[in-house]
Amino acid sequence: MNSLEDWAEKLKACNKLVIVEGKKDRKALKELGISKIMTISSSPLLDIEKISEKEVIILTDLDQHGKKLYSKLRHTLQRRGIKINKQFREFLLRSTRVSHIEGIKVP
């Protein structure tokens, strides 16, 4: 991935479930054409019990709270045998200034 636009196209094309923190995050990804999005509520561990996918993408915010939540979700999902695709999150951490998923905009 070379740009945020490329990132968004690859995320859309992979057709994996994307887990986000809130409604604004969901809205931002929907505007990019992503359709398989799960918003976790105040009880994220209860929400993930509903997941039946073999592989998911976790896009919690890249701030301190989001990183803690990511770690907890990743650990819980992996214990259930669900693979975590890290490439999209790692691109945001390495190659952009995005700190909140709701702030993602592609020209």
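Thr96 lies in the segment after helix H5 (87–95). Helices here are DSSP runs of H or I with at least four residues, strands are runs of E with at least two, and both are numbered from the N terminus. At 22% relative accessibility, Thr96 counts as partly exposed. The cut-offs are under 20% relative accessible area for buried and over 50% for exposed, with partly exposed in between (1.4 Å probe, protein chains only). Neighbours within four places in sequence aside, Thr96 touches Leu4 and Phe91; contact means heavy atoms within 4.5 Å. Thr96 and Leu4 are 92 residues apart along the chain, yet 7.7 Å separates their C-alpha atoms.

The model is predicted: local features need pLDDT of at least 70 and side-chain atom pairs count only at pLDDT 80 or more, while totals for chains, interfaces and linings use all residues. Residues are numbered from 1 along each chain as its sequence is written, and side-chain values use heavy atoms, with hydrogens and water left out.

The chain contains five helices and four strands. From the N terminus, the order of elements is α-β-α-β-α-β-α-β-α. The radius of gyration is 13 Å, close to the 13 Å from the globule rule for 107 residues, so the chain is as compact as a globular protein of that length. This radius is taken over C-alpha atoms, and the rule is 2.2 Å times the number of residues to the power 0.38. Along the principal axes, the C-alpha atoms fill a box of roughly 35 × 25 × 25 Å. Of the 107 residues, 43% are buried. Among contacts between residues at least 6 apart in sequence, 63% join residues at least 24 apart.

The chain exposes about 6300 Å², and carbon and sulfur atoms supply 47% of that area. Accessible areas come from the Shrake-Rupley method with a 1.4 Å probe; for residues, only the protein chains shown count as cover. The chain carries 23 positive and 14 negative side chains, and the centres of the two sets lie 3 Å apart. Lys and Arg count as positive and Asp and Glu as negative, with His and the chain ends not counted. Each charge is placed at NZ of Lys, CZ of Arg, CG of Asp or CD of Glu.

Side chains of opposite charge can pair when their charged atoms come close. A search of the whole structure finds six salt bridges. A salt bridge is a side-chain nitrogen of Lys or Arg within 4 Å of a carboxyl oxygen of Asp or Glu. One of them joins Glu9 to Lys12, with the closest N and O atoms 3.7 Å apart. Both residues lie in helix H1 (residues 4–14), three residues apart, about one turn of the helix. Glu9 is partly exposed at 44%, and Lys12 is partly exposed at 36%.

Another salt bridge links Glu55 and Lys16, at 3.8 Å between the closest N and O atoms. Glu55 lies in strand E3 (residues 55–58) and Lys16 in the loop between H1 and strand E1 (17–20), so the pair ties together parts 39 residues apart in sequence. Glu55 is buried at 17%, whereas Lys16 is partly exposed at 27%.

Lys36 and Glu53 form a further salt bridge, with 3.3 Å between the closest N and O atoms. Lys36 lies in the loop between helix H2 (23–31) and strand E2 (37–39), and Glu53 in the loop between helix H3 (44–47) and E3, so this pair ties together parts 17 residues apart in sequence. Lys36 is partly exposed at 27%, and Glu53 is partly exposed at 27%.
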